[in-house]
Amino acid sequence: MRDDVNVLLLGSLEVTGALGSVRVNGTGHRTLLARLAAHPGETVPAHALIEALWGESFPITAIKTLHSHLARLRRDLRSAGLDGLIATRPPGYLLDIQPELVDAVRFEVLATQGRHQLEAGDTTTAARTLTRAKRLWRGEPLGDCRRSTWSQQESARLSDIFIAVQENLFTAQVALGEHAEVVTELGALV
């Protein structure tokens with residue numbers, strides 16, 4: 001499992017490795033990488049990748065085209081020093097990295113920790129944790145991936161978590177007496 005890569009999904013897709021930023025060309029390649037990165041270290045069945053690419057209107061050559069996309073994506077990653085990042089594991093493929101190397105995974109972990117800290121009454125720690133989660137947010141998740149049922153649902157799910165992070169952070173800030181900061185941020189949101 002690689003530990004020399006960072007994958008960002010909270011905004012436009014970005015991948016960095018030991019040799020720097022990796023250019024991921026085409027919405028199809030970005031969508032495949034994002035779909036794998038949504039569950040790093042777990043096998044994603046080929047049919048789920050096909051659905052992420054084309055939805056229910058997939059071409060008759062979907063399997064062959066999927067293999068072609070994956071081969072080109074692997075070549076691009078290999079040229080950036082990230083050989084072996086995508087592994088074949090029947091019945092599909094996996095992104096062979098630690099989960100914490102994906103910003104969306106870190107974001108969800110921090111959101112959950114912050115909520116639990118807030119519920120336990122530890123507002124100072126909750127505010128710090130939720131602020132760290134909020135800083136990971138760079139914009140619409142998967143914004144430069146193909147618009148499919150999967151990408152829209154995943155983007156909406158992550159956006160809902162972001163709203164919960166903001167709400168919990170406001171609650172913690174009010175409890176800490178940071179009313180002016182909350183009013184300023186709420187004004188910007190409105």
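1. A nonpolar core, as used in this note, is a set of buried Ala, Val, Leu, Ile, Met, Phe, Trp, Tyr and Cys residues joined through side-chain atoms within 4.5 Å. Buried means under 20% relative accessible area, exposed means over 50%, and partly exposed covers what lies in between (1.4 Å probe, protein chains only). The largest such core here has 57 residues, and those with the most contacts inside it are Leu9, Leu66, Ile86, Leu95 and Phe107.

2. Some housekeeping before going further. This is a predicted model, in which local features need pLDDT of at least 70 and side-chain atom pairs count only at pLDDT 80 or more, while totals for chains, interfaces and linings use all residues. Residues are numbered from 1 along each chain as its sequence is written, and side-chain values use heavy atoms, with hydrogens and water left out.

3. Leu95 touches Val7, Leu33, Leu36, Ala37, Pro40, Gly41, Leu85 and Ile86, leaving aside residues up to four places away in sequence; contact means heavy atoms within 4.5 Å.

4. Do have a look at how H4 and H5 pack. Helices (H or I, at least four residues) are DSSP runs, numbered from the N terminus. The axes of H4 and H5 come within 8 Å and cross at roughly 160°; axes are lines fitted to C-alpha atoms, for helices over the stretch in contact, and angles run from 0 to 180 degrees between N-to-C directions. H4 and H5 are therefore roughly antiparallel, a label for angles over 145 degrees. On the H4 side, the contact includes Phe107, Leu110 and Ala111, and on the H5 side Ala126, Leu130 and Ala133.

5. Now the charged pairs. A salt bridge is a side-chain nitrogen of Lys or Arg within 4 Å of a carboxyl oxygen of Asp or Glu, and the count by this rule is 10. One of them joins Glu185 to Lys134, with the closest N and O atoms 2.3 Å apart. Glu185 lies in helix H7 (residues 179–189) and Lys134 in helix H5, so this pair ties together parts that are 51 residues apart in sequence. Glu185 is partly exposed, at 27% relative accessible area.

6. Within helix H6, Glu154 and Arg157 are three residues apart, about one helical turn, and their side chains meet in a salt bridge (2.8 Å, N to O). Glu154 is buried at 12%, whereas Arg157 is partly exposed at 33%. Together with Glu108, these two residues are linked in a network of salt bridges.

Terms used. Helices (H or I, at least four residues) and strands (E, at least two) are DSSP runs, numbered from the N terminus. Angles under 35 degrees count as roughly parallel, over 145 as roughly antiparallel, 65 to 115 as roughly perpendicular and the rest as oblique.
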